[in-house]
Amino acid sequence: MTLLVQFTDTMNGFRYVSFAQEVIFAPASLAQLGEAVERFGWHKVLLCTSHSMQINGQVDSIKSLLGNSLVAVFDHVQPHVQDVQVKEALVLAVKNEVDAVIGMGGGSPIGMAKAVGFQAHLPIIAMPTTYAGSEMTPVYGITHTDESPPRKVTVNDPRIVPTLVLYDPRLTLDLPPELTASTGINALAHCIEALYSKTRNPLSTAAAVDGVRHIHNALLNCYQEGHNLDARTEMLLGAHLAGLSLASVSMGLHHGLCHVLGGSANIPHGIANSIILPHAIRFNAEATAPLLLPAAGALNIPENGTNSKGVIEALALHVHELIGQMNLPQRLRDVGVSESDLSQLAKIAFQNRTVQNNPEPITDAIQLEHLLRDAW
Ligand code: NAD
């Protein structure tokens, strides 16, 4: 049944853009950074990263690998890429006449490097240390802090995609359990939304199904045993495939809502993903059930003669239980959202372009308020 669904889907035609990127994936691949930077002909590099990378010694590693080629470091990137910080980093890039920008860390430092690189017309190098997947995509989100509440807006352009992506699973060994779990669920959500995306294509579907399989194999192990390099390597592979699937499709309700909850309610992106994902799967079940069957298969959920909507309910339950096993918050009330905020958040989300790209049409903000209320 699953193969038939995929083939029939392809018969409707597809269109997608793929990107020229060099991707290096191997344990200890960080050691290849100096050679790669030299090969690309970059001489003056700016590093954007977060404070945690300073503390765990990774900024010093980059300094010794790049020597004089590292001319500036912006090491205090805050979550959700704030416009004021982008301005500061741009000043640093211009002052030091840099010719490339590295983003090392989670989606925020990589988003910062993308924003600076795009605005200053510079190539971007991405070295992910979480499972957020931004390294593969032509998109960044930027939070406008002068609005009340602040609003996160996405910028989409092929020139944003990082030229070089270096995956070293060793960089993820110290990722704390909660961030392992929440950014891992973010990767799973990329696969789910890629599978039912209105712009899905054979590449995004293949990457998403394989991504779910690797995430299923590895995420809980990484959460329970952070220093297990085999599990970390498989999980990073899952996150890479999730990012690859995300890169060529538009996302829907789930990601749009997570951006609103991040930008306007300051909820960490991975946590927003964990709270919303089971609800988004259920919301879309009617319109997308056959498209999600391969994900259910990759999670070993049996079809057992159940209709496809029944399988998708089992999928939503499985995701909910996995999130519970990893002790992540599962309700908006647990992360500081008050009931009186829900209607305003629903109104902001209703205006969100990504929300409006959802496969199940959203015609009234009240539909979003109901979903948020269920998640509250
Ligand atoms: P993040 O980058 O905000 O990082 C969260 C925390 O993790 C930070 O405190 C950071 O210091 C810490 N951290 C990161 N790696 C660590 C490590 N190895 N060890 C210890 N601590 C570590 O969080 P995120 O979830 O990775 O990224 C979320 C951001 O990325 C959001 O702004 C989201 O919108 C964006 N994003 C963008 C895309 C895209 O395609 N453009 C995709 C996914 C996420």
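A salt bridge is a side-chain nitrogen of Lys or Arg within 4 Å of a carboxyl oxygen of Asp or Glu. By that criterion, Arg159 and Asp157 are joined through their side chains, with an N to O distance of 2.9 Å. The model is predicted, so local features need pLDDT of at least 70 and side-chain atom pairs count only at pLDDT 80 or more, while totals for chains, interfaces and linings use all residues. Residues are numbered from 1 along each chain as its sequence is written, and side-chain values use heavy atoms, with hydrogens and water left out.

**Overall form**

- The protein chain has 16 helices and eight strands; these are DSSP runs numbered from the N terminus, helices being H or I of at least four residues and strands E of at least two.
- The radius of gyration of the protein chain, taken over C-alpha atoms, is 20 Å, close to the 21 Å that the globule rule gives for 376 residues, so the chain is as compact as a globular protein of that length. The globule rule is 2.2 Å times the number of residues to the power 0.38.
- The C-alpha trace spans about 60 × 45 × 40 Å along its principal axes.
- Of the 376 residues, 55% count as buried, where buried means under 20% relative accessible area, exposed over 50%, and partly exposed in between (1.4 Å probe, protein chains only).
- Among contacts (heavy atoms within 4.5 Å) between residues at least 6 apart in sequence, 75% join residues at least 24 apart.

**Nonpolar cores**

- A nonpolar core is a set of buried Ala, Val, Leu, Ile, Met, Phe, Trp, Tyr and Cys residues joined through side-chain atoms within 4.5 Å.
- The largest such core has 76 residues, of which Ile185, Ile276, Ile281, Leu315 and Leu332 touch the most other members. Helix α7 (residues 177–195) supplies the largest share of this core, nine residues.
- Beyond its neighbours within four places in sequence, Leu332 is in contact with residues including Leu261, Ile267, Leu372 and Trp376.
- Another core, of 22 residues, lies apart from it and has Leu90, Ala93, Tyr140 and Ile160 among its members.
- Ile160 is located in the loop between β7 (151–156) and β8 (164–167), and is buried at 0% relative accessibility.
- Ile160 and Lys114 are 46 residues apart in sequence, yet their C-alpha atoms are 5.8 Å apart in space. Leaving out residues up to four places away in sequence, Ile160 also touches Phe118, Ile124 and Val155, among others.

**Salt bridges**

- The structure holds eleven salt bridges.
- Glu147 and Arg151 form a salt bridge whose closest N and O atoms are 2.8 Å apart. Glu147 is partly exposed at 28% relative accessibility, and Arg151 is partly exposed at 37%.
- Arg373 and Glu369 form another, with closest N and O atoms 2.9 Å apart. Both residues lie in helix α16 (residues 365–375), four residues apart, about one turn of the helix.

**Surface**

- The protein chain exposes about 15,300 Å², with carbon and sulfur atoms supplying 53% of it. Accessible areas come from the Shrake-Rupley method with a 1.4 Å probe; for residues, only the protein chains shown count as cover.
- Tyr16 lies in the loop between α1 (2–10) and β1 (22–25) and is partly exposed, with a relative accessible area of 34%.
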